[in-house]
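Dear colleague,

Please find the structure below for your records. My notes on it follow directly after.

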Amino acid sequence: MNESIAKYFPSEIVYPEELKALCEWHRKNGYPISGYFELRAGDGDDFFYWFGSRDADADLALFGAGGDGSMYCIWKQKNGRQPIVHLGSEGDELKVLANDMKAFLRLLAIGYGDLGHEDTTSPPVDAEGINPDFQKWVQEDFGLRIPLIGDDIIQEAILTHDDFADWVATKTN
């Protein structure tokens, strides 16, 4: 999966070591990872179909998808920062989710069904999305604490990054 995902990463976006490790964890453990999240390799046309142009191709790197087809991406901002973002499948739910891949793993490990659409100010409604094996891996391999709710991770990312919805509006035809 690593090679498939990395194949369509723009050269200016660093392929995170944590993403490599997540792909390896998936190879050994399979699905579910957490909630409806799945690793997803791009095909070179994902953003063309979403945006209606190639204007966003150099600034986004697809690595995952939600159950509804939403995309999880790394977004390269003009200042070089690379937060994790959510592109809703219907053109909605445009969100900065995490400052980086480590923060995204913490958020993912909480167990929300779909990060782009759930209320992250509360714990997950459906415990079925929680994967204790994935949580253990995130805690032990990265030394990360998994919070009960995801809102702090998301709010920190929103406050420290450009407005993703505004950026998307400049790229959409």
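Strand β3 (residues 71-75) is largely enclosed by the rest of the structure, because five of its five residues are buried. Buried here means under 20% relative accessible area, with exposed over 50% and partly exposed in between (1.4 Å probe, protein chains only). Strands (E, at least two residues) and helices (H or I, at least four residues) are DSSP runs, numbered from the N terminus.

Please note that this is a predicted model: local features need pLDDT of at least 70, side-chain atom pairs count only at pLDDT 80 or more, and totals for chains, interfaces and linings use all residues. Residues are numbered from 1 along each chain as its sequence is written, and side-chain values use heavy atoms, with hydrogens and water left out.

In a regular strand the side chains alternate between the two faces of the sheet. In β3, M71, C73 and W75 point one way, Y72 and I74 point the other way, and all are buried.

The neighbours of β3 are as follows. Strand β2 (residues 60-65) runs antiparallel to β3 and is joined to it by five bridges; two strands count as paired if DSSP finds at least two bridges between them. Within this pair, C73 is the bridge partner of L62, and A65 stands opposite M71. The two strands form a hairpin with five residues between them, and G69 in the turn has a positive phi of about 95°. Strand β4 (residues 84-87) is also antiparallel to β3, with four bridges joining the two. There, V85 is the bridge partner of C73.

The strands belong to an open sheet of five, in the order β1-β2-β3-β4-β5, with antiparallel pairing. Since β1 (38-39) and β5 (95-98) stand at the edges with a single partner strand each, one side of each is left without a neighbour in the sheet. Helix α4 packs on this sheet and touches β2, β3, β4 and β5, contact meaning heavy atoms within 4.5 Å. The direction of α4 makes about 90° with that of β5; axes are lines fitted to C-alpha atoms, for helices over the stretch in contact, and angles run from 0 to 180 degrees between N-to-C directions.

Helix α4 (residues 101-110) is itself mostly covered, with nine of its ten residues buried, among them F104, L105 and R106. Just after α4, G111 takes a positive phi of about 105°.

Yours sincerely
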